[in-house]
Amino acid sequence: MVRKKVLMKGNEAIGEAAIRAGCQAFFGYPITPQSELPEYLARRMPEVDMIFLQAESELAAISMVYGAAGAGARVMTSSSSPGISLKQEGISMLAGADLPAVIVNIMRGGPGIGGIQPSQADYFQATRGGGHGDYRHLVLAPASIQELADLTWEAFALADQYRNPVLILGDGMLGQMMEPVLLPEEPPPLVDKPWATTGAKDREHNEIYTLHMGMEDLEKHNQRLAKKWEQIAREQVRYDKFMLDDAEIVIVAFGIASRVARRAIRMAREVGIKAGLLRPISLWPFPTAAIAEVAKQARAFLVVEMNLGQMIEDVRLATGGLVPVELFSKITIVPNPKEILQSLCSLARRTGCKIDEAAIKEESA
Amino acid sequence: MKTVFSRPQALTNKPLHYCPGCGHGIIHRLVAEVIDELGIREKTIGTCPVGCAVVANEYFNVDMQQAAHGRSPAVATGIKRVLPDRVVFTYQGDGDLASIGMTEVVHAAARGELITTIFVNNAIYGMTGGQMAPTSLLGQFTTTTPYGRKKELQGSPIRVAEMLATLEGAVYIARMSVHNATHVMRTKRAIKRAFETQLEGKGYSLVEILSTCPTNWGLSPVEATKWLADNMIPYYPLGEIKVAAAVEGIN
Amino acid sequence: MVEMIMHVELCKGCGLCQATCPQDLLSTSDQVNSKGFYPVVLLDKAKCTGCALCARMCPDLVIEIHKQTA
């Protein structure tokens, strides 16, 4: 059978990919701009004999995820920024209890209730743990509907592989837009979960807990978790390169912002600027080594993100002061490639990069 | 020799950490006895609250999950929905259930979630050191009501059992007490009926159990049982608060 | 014949069993257990009927009761 691409909305593609990844239960709460995802699963999950439940709150939804994950199921929840803040309690619990789960954040602008426009303002929250305590989880940042579907599938596999929550960090634009997508066919292989609370039949009883009252006990628990996160950091760095080989100016952008950055890079190339893109796909673990490597040849970095400048801190840490790192920031407006081009031109002039001034004049004339 | 009374299988051998005379020990044992009698130890999954019973996972010899503060009914929902043929119970105190977790318990009950809640009401926060609970009585002294709970400042204590009984999905709701042996035995019967309600797929069941906190009440264990009888029972009437028609045949 | 096994190491000396015994057969030991509590003792084994009310009130599973079957 020939696999065919289908035209799907981002939120719905996540839903269908989750089903095909063997998601057994979804617990969620409506919030714009991700509501099409629970709506899609409300329709589809019963068709495949799986569970959809609209929870009374995000707090309850993530706790249902915790219960179901602890009981050994492949399980997912989704929300958008304000709802993800509420879910942090449960995400910290999942991380502390080594439970696999997939969490989707289709970001909107904040702070507070903010708005419903796309944004990337939850970068810090996503990559630094977000909730209380010292913990990490994978953060995957898709930039297309195809990647939303692929990374949703991967997220379930990675959650099971590492017994850790995995966050998919999209934005309202990705959630709402439509693109052709090739959906996954087979779920990732099921893994044994002898630790799951399924009933203590022919074995000792299982306990899923996050309380470690003894000082030594809690220290050891954290050290053990840290080893797991170090392993993830070694094994799961993902990024994409675009026109990077000869680039003098490197744009670092993720998600929807990287799509606009690509366009700006093509425009920059037309006016003689050797621009290229390094697009982190895993925001945690961050592609620090790859950026450090690129920084050896590049003259300048431009970080394009839809927030006040959050990922730029990781880029500056990675470049270690070798080259200037500047910010192009829009908070809840998807950037215009022409504006990014202006920033690239300005940066090129100030850092002595190649630029074809005649072509620029021709362009503007 | 016939064994009249011994430790139930559904409890581990770990000595309980609770203060002398604390009702949790009695209630743990009753739940375990019911699990044994129903022969469901190998298919029962419980959740622990945040509060004194947070480490109940070490005491119950069944699979257990620790929930975030108040979220037990949601965690139990997650477990039950993916493992519908298992028996799932939440074990919660009055701070966990009636304060921070009121939303979760109301909605689990409203959905008629096929879980059983053991709700221990001792009218105070034990673990954190004796602060006011939503179920603290008017006039009761706690570390956060040092002048006594006042209706105009802290409102009146919540009668959880009666409130939940208004919900269609809640089919068996009882309030019992463990202040003396007679009531301990009645409490056990109610717990059994609640679990049977779940086993027969009838709906949500909850047993509120009035219990003592001698340490934070500042009374001896024996005085505490008397305080419960004299002060709590008049405000929190005992009995089966709601037995829906579907549950009447279960005993 | 009733055999009452007291797991005295589990006892916290709360006294609930003593207050419950209908025949007032239980008392407090004058020796502390390893936890530092004065545990329960059965005063008159012969009079115990094995009603187990004490065990039902015990929060710490100190008391185990067996009865000789006729």
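How many residues does the largest nonpolar core have, and which have the most contacts inside it? These legends answer that and then visit other sites. This is a predicted model, where local features need pLDDT of at least 70, side-chain atom pairs count only at pLDDT 80 or more, and totals for chains, interfaces and linings use all residues. Residues are numbered from 1 along each chain as its sequence is written, chains are lettered from A and ligands numbered from 1 in the order in which they are written, and side-chain values use heavy atoms, with hydrogens and water left out.

**View 1. The largest nonpolar core.** This core has 153 residues. M76(A), I251(A), I273(A), F301(A) and L344(A) have the most contacts inside it. Helix α6 (residues 145-162) of chain A gives the most to this core, nine residues. Domain 1 (6-195 + 208-235) and domain 2 (240-364) of chain A each supply at least three. A nonpolar core is a set of buried Ala, Val, Leu, Ile, Met, Phe, Trp, Tyr and Cys residues joined through side-chain atoms within 4.5 Å. Buried means under 20% relative accessible area, exposed over 50%, and partly exposed in between (1.4 Å probe, protein chains only). Helices (H or I, at least four residues) and strands (E, at least two) are DSSP runs, numbered from the N terminus. Domain bounds come from an automatic or database domain assignment.

**View 2. Around F301(A).** Contact means heavy atoms within 4.5 Å. Beyond four places in sequence, the contacts of F301(A) include V250(A), V252(A), I291(A) and L347(A). Another core, of 47 residues, lies apart from the largest one. Its members include V34(B), V62(B), V120(B) and I191(B).

**View 3. The two domains of chain A.** Their centres, taken over C-alpha atoms, are separated by 29 Å. In domain 1, 32 residues are in contact with 26 residues of domain 2.

**View 4. A salt bridge between K193(A) and D160(A).** A salt bridge is a side-chain nitrogen of Lys or Arg within 4 Å of a carboxyl oxygen of Asp or Glu. Here the N to O distance is 2.9 Å. The partners are 33 residues apart, with D160(A) in helix α6 of chain A and K193(A) in the loop between β8 (178-181) and β9 (207-208). K193(A) counts as buried because its relative accessibility is 16%. D160(A), at 7%, counts as buried. Over all chains, the structure holds 41 salt bridges.

**View 5. K242(B), a buried lysine without a salt bridge.** K242(B) lies in strand β8 (residues 239-243) of chain B. The nearest side chain of opposite charge, E168(B), is 5.7 Å away. Lys and Arg count as positive and Asp and Glu as negative; His and the chain ends are not counted. The side chain of K242(B) reaches the backbone oxygen of L167(B) at 2.8 Å.

**View 6. I115(B) in its loop.** I115(B) sits between α4 (102-110) and β5 (116-121) of chain B. It counts as buried because its relative accessible area is 0%. Not counting residues up to four places away in sequence, I115(B) touches P73(B), A76(B) and Y204(B), among others.

**View 7. T127(A) in helix α5.** This helix spans residues 123-127 of chain A. T127(A) has 3% relative accessibility, so it counts as buried. The side chain of T127(A) reaches the backbone oxygen of Y123(A) at 2.8 Å. Beyond four places in sequence, T127(A) touches R136(A), V139(A), L283(A) and W284(A).

Terms used:
A polar contact is a pair of N or O atoms within 3.5 Å; within protein, one must be able to donate a hydrogen and the other to accept it, and residues adjacent in sequence count only if both atoms are side-chain atoms.
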